[in-house]
Amino acid sequence: MTVFNAFLKVVKKNIITIIIYTLIVIVFAAANMQTDNGPTGFISEKPDIMIINNDQGSALSKNFEKYLRENTNIVDIHGSDEDIADALFYRDITCIVTIPENFGKCVISGNTPEVEIRTCGNDFAAFSEMIISQYLRIQNSCAKRIQDESKLIETINSSPNKKAEVNITTKLDTSVMSKSKTYFNFAAYSMMSCILFIVCLVLSSFNELSVRKRTIVSSMNYKKYGFDLFLSSFSYAFAVWVFFMLLSLIMVGKSMISLRGAAFMLNAFVFTLSALALAYMLSCLLFKKNAITGIVNVLTLGFSFLCGVFVPAEFLPSWVLSIARVMPTYWYIQNNELIGTSEHLSGDVRSLLINFLVMGGFTLVFAIVGIIVSGRKRKIA
Amino acid sequence: MPEKVIEVRGLTKEYKDLKAVDDLSFDVYEKEILGLLGPNGSGKSTTINSILSLLKYSSGSIKIFGKEMKPDAYDIKRDIGVIFQEVAVFEELTVYDNIDYFCGLYIRDKKQRKEYVDDAIELVGISYYKKFYPKQLSGGLLRRLNIACGIAHKPKLIFLDEPTVAVDPQSRNHILEGIKKLRENGATILYTTHYMEEVEQICDRIIIIDKGRIIAEGTSDSLKKLANIEEKISVEIHSLSDDGIEKAKKLKYATDAVYDGTNLIVSYGGGRDNMTRMIDFLRDNDYHYKKLYSERPTLNDVFLELTGKELRD
Ligand SMILES: Nc1ncnc2c1ncn2[C@@H]1O[C@H](COP(=O)(O)OP(=O)(O)O)[C@@H](O)[C@H]1O
Ligand SMILES: [Mg+2]
């Protein structure tokens, strides 16, 4: 308890540093979450598409049009083919659906009509395609059993799959996901700084040669002392993690209470452990307090820039990313990207685990180097 | 016969080709203040660090409280307090919290610890600065805090390694008085310094070391006999010829005379009325002098006699 109490008091003395880094994550993450809302916001809205129906006479093609009207925004572009192509190019519409002349007949006869879909190639276009193919799939499977046109239409319209699956797709709220991703990416910088700075400074106070000499000559068992110091540092790092997780609930919202949210948090926890081990190693290597401030600044900022905290990893040149691989932050960010963008987490468990293992490896290496160096130093005293 | 608290036998510590401590043997008895006096680099800190098992020494044996001292002899360590040469405190903790932390390494009980910490603060006289941080303290006060941190757990045996280096006279007196009080309260003290005035002021027994070896041991008075000087007379004279110095050397009972440009110092092996004869000598030769005083020999003279060099350079 003596060691823990003193540890806390020293931490308290550095509270300003902690507050500053917390503010940094709040300000930066909040600012970036705002801008992220723009483009991702309307994916939950209906995509704009254009229909060219060359089979005006058939009830089946009318029904298809009706379905599209319900699930998308139909935009009419009057003009030449070139105007239409321009609209596609400038993203005024996400895709153009051309229903062929023989659409109705083809379906009734049990064949698959060739519906031409031209898209602009972005995410929303993919969404439109999904909505379209959804309908066509159901129509196809129903047409295999039913030859009567009006009966077929009735069956298609009452198909439970038709609505449900489309709804699930629209529920994949990418705006919330990218919000949490943004938060957790920025949190990497702040959590790393909070842990590196404070743990390094506090441990360096305890490891200062004269203080350590005084501890060694005391009746405190030196192994227990080391263990107490470890527990104290761990408790502090754990508290930092808990704090930033609570902050994520406030900043991102309720959606954090989900499997995806838990995955983000677990990732942050594994990252916290590697930051703690790094702090321990640095405190064993560095002697002067002003050296710590400088080196920790360089490390946290460097890690953050190189590993894609401030600038998304996809915009970084590949040579930067290959350097970044030697830092735990890189693997943490990679996991954040995975968790934030994968449709089904269960499919990415393997990649997630690999990243976890790499972070765990870093933790181990940092800790071992620290132990070796501190053992050496004890002999010098 | 008082009990032996520390027993050092044949202690030797070598650094490559340098023998920092060379075959040292001595005892420290219960409730005494033993002074370890020696110039910088004579091996005082090395001796203390070896006794405390902080350093792995090359050969020799060390017993404390009758038991062999080892790095994991926690039962022995419980009754030891150490004040190192360099100040060892947390910048981030207040004066009170610093003492409380170091005391807490020995004393678990919170209530008892509070009492002990208050006693320590009282003893070194820093009550007013309880809530201060080390950065706000002067060098002297910092030293006093450093001492309080080392003795708060009321150890039976206290090591002090040059606790007064670079300390103002007021704080120095405070520290020396505090050390005397600790002994009055029943502690045994091993005190190292290169200031001879201090060992004379507080130590019961003195060991003089040079180049890692004991060169003399005893009480202040018995040591001074080794200097072969009974009295020293200093005269402040401006310009004295070599002839004058030679004449001074021939004064009755005089053993030596030196002149450094302003002061003539004549040493005497014994005799009486040396001062009267000195005044006669000055008047007869028509020397104009300012200050004239008689001194007892100092430990510096002892050191000079034994090693041929001054204690302080
Ligand atoms: N770690 C070390 N390596 C080599 N020589 C050392 C070391 N520590 C002390 N010494 C040498 O040992 C001698 C005694 O040093 P020390 O015990 O510190 O003297 P004191 O405390 O009396 O001033 C000195 O000559 C010093 O240079
Ligand atoms: Mg020394």
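Predicted model: local features only at pLDDT ≥ 70, side-chain atom pairs only at ≥ 80, totals over all residues.

User: How much area is buried between chain A and chain B?

Analyst: The size of an interface is often given as the accessible area lost when the parts come together. Buried area is here the accessible area (1.4 Å probe) that two parts lose on being put together, summed over both. The contact, meaning heavy atoms within 4.5 Å, draws on 25 residues of chain A and 30 residues of chain B. Carbon and sulfur atoms give 60% of the area buried between the two chains, which is about 2,600 Å².

User: Which residues of chain A lose the most area to chain B?

Analyst: The area in question belongs to the interface of chain A and chain B, where about 2,600 Å² is buried. Together 30% of what the chain A side buries comes from three residues, namely Arg214(A), Val217(A) and Ser219(A).

User: Which residue of chain A meets Glu86(B) in a salt bridge?

Analyst: A salt bridge is a side-chain nitrogen of Lys or Arg within 4 Å of a carboxyl oxygen of Asp or Glu, and the count between chain A and chain B is two. For Glu86(B), the N to O distance is 3.0 Å and the partner is Lys213(A).

User: Which helix of chain A supplies the largest share of the side that touches chain B?

Analyst: Helices (H or I, at least four residues) and strands (E, at least two) are DSSP runs, numbered from the N terminus. At least two residues each of the side of chain A that touches chain B are supplied by α1 (2–13), α9 (174–207), α10 (209–217) and α11 (222–252) of chain A. The largest share, seven residues, comes from α10(A).

User: Is β11(B) enclosed or open, judged by how many of its residues are buried?

Analyst: Buried means under 20% relative accessible area, exposed over 50%, and partly exposed in between (1.4 Å probe, protein chains only). In a regular strand the side chains alternate between the two faces of the sheet. Both faces of β11(B) are covered, with Glu231(B), Ile233(B), Val235(B) and Ile237(B) buried on one side and Lys232(B), Ser234(B) and Glu236(B) buried on the other. Seven of the seven residues of β11(B) are buried, so this strand is largely enclosed by the rest of the structure.

User: Which residue in β13(B) stands opposite Ile233(B)?

Analyst: Strand β11 (residues 231–237) of chain B runs antiparallel to strand β13 (residues 263–268) of chain B, and six bridges join them. Within this pairing Lys232(B) stands opposite Ser267(B), while the residue opposite Ile233(B) is Val266(B).

User: Which residue in the turn of the hairpin of β12(B) and β13(B) has a positive phi?

Analyst: Strand β12 (residues 254–259) of chain B and β13(B) run antiparallel and are joined by five bridges, with Val258(B) having Ile265(B) as its bridge partner. The hairpin has three residues between its strands, and the turn residue with a positive phi, about 105°, is Gly261(B).

User: Is Ile126(B) buried or exposed?

Analyst: Ile126(B) is found in the loop between α4 (110–124) and α5 (139–151) of chain B. Not counting residues up to four places away in sequence, Ile126(B) touches several residues, including Val95(B), Ile99(B) and Leu145(B). Its relative accessibility is 2%, so Ile126(B) counts as buried.

User: What is the phi of Lys31(B)?

Analyst: Most residues other than glycine have a negative phi. Lys31(B) lies in the loop between β2 (18–29) and β3 (33–37) of chain B, and counts as partly exposed at 46% relative accessibility. Its phi is a positive value in a residue other than glycine, near 65°.

Key
Residues numbered from 1 in each chain as written. Chains lettered and ligands numbered in written order. Heavy atoms only, no water. Pairing = 2+ DSSP bridges.
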